[in-house]
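Morning, everyone. I'd like to walk you through some helix packing today. Please have a look at the model first.

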Amino acid sequence: VSQLALHFERAGMVDEAINYYRQAGERAMQMSANAEAILHFNKSVDLLKTLPPSPERDKRELAMQFALAGPTIAIHSWGAPEALQIYDRTMELSQALNDTSNFLQVMIQKQSALTTHAEHRAALELAEQCEPIVQQGEDPTHILLGHQILGVTCMFVGEFARSLRHLQQLMVYYDRDTHHPLAFVLGQDPAINSFLWRFYDLWYLGYPDQALRRSQEGMVLAQELG
């Protein structure tokens, strides 16, 4: 597939070359050949940048940036500069396309990376972009993700009561059938995430009995979800 991509690229058939580089990257990922996958996905992105600006071009690049994140994280870690660069570009494209779902998903990745580097105030500034979504949003999934981002970030800056409010609100919007599949995108089920961080909030606020109950409830749900 990569040879076909190269032939199309040399022939000036950019669209075909982009598609075949993407396929080559996906095949490399399936074989855990992450360095090779990064090479092919980057070729696809580079070629996309030669096309005239348009929403369709941006949609294609957005999909490629998401694809590129996986092998980049696998090699460098999700807090590495290479990964942060992908998050920033993905957020930029999501905002340009008014794609709230993808914007929130990549925001969770970047918030986690900033938290890992102990850049908690920067993470909070990022998370607070979700306030309009949780206050005025209409899509339950968007509101749920906004509460997750704010809840986790507030816990790390010591705003435990504020964190607890957001994580409790997350559970109001949680629907197992709708939202459990997010675990395969974000790495953790949102409800399990809520139980985990509410445990810490309640413990730090001086309610160890409630913290223990939330922990036990979270373990039961995790076992049910497999």
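**Two helix pairs**

Helix 2, residues 14–30, packs with helix 4, residues 55–76, at an angle of about 25°, and their axes are 11 Å apart. Keep in mind that this is a predicted model. Angles under 35 degrees count as roughly parallel. So helix 2 and helix 4 are roughly parallel to each other. The crossing of helix 2 past helix 4 is left-handed.

Which residues of helix 2 and helix 4 meet? From helix 2, we have Asp15, Ile18, Asn19, Arg22 and Met29. From helix 4, they meet Arg60, Met64, Ala67 and Pro71. By class, this contact of helix 2 with helix 4 has five nonpolar residues, one polar and three charged.

Now the second pair. Helix 13 covers residues 190–204, and helix 14 covers residues 208–225. Their axes come within 8 Å and cross at roughly 165°. That makes helix 13 roughly antiparallel to helix 14, because the cut-off for that label is over 145 degrees. Helix 13 also passes helix 14 in a left-handed crossing.

On to the side of helix 13 that touches its partner. The contact residues there are Ala191, Ile192, Phe195, Arg198, Phe199, Leu202 and Trp203. Helix 14 meets them with a list that includes Pro208, Leu212, Arg214, Glu217, Gly218, Leu221 and Leu225. How do the residues in the contact of helix 13 with helix 14 divide by class? Twelve are nonpolar, three polar and three charged.

That's the tour. Happy to take questions.

Methods. Residues are numbered from 1 along each chain as its sequence is written. This is a predicted model: local features need pLDDT of at least 70, side-chain atom pairs count only at pLDDT 80 or more; totals for chains, interfaces and linings use all residues. Side-chain values use heavy atoms; hydrogens and water are left out. Axes are lines fitted to C-alpha atoms, for helices over the stretch in contact, and angles run from 0 to 180 degrees between N-to-C directions. Helices (H or I, at least four residues) and strands (E, at least two) are DSSP runs, numbered from the N terminus. Angles under 35 degrees count as roughly parallel, over 145 as roughly antiparallel, 65 to 115 as roughly perpendicular and the rest as oblique. A crossing is left-handed if the near helix is turned anticlockwise from the far one by less than a right angle, and right-handed if clockwise. Contact means heavy atoms within 4.5 Å. Ala, Val, Leu, Ile, Met, Phe, Trp, Tyr, Cys and Pro count as nonpolar, Asp, Glu, Lys and Arg as charged, and the others, Gly among them, as polar.
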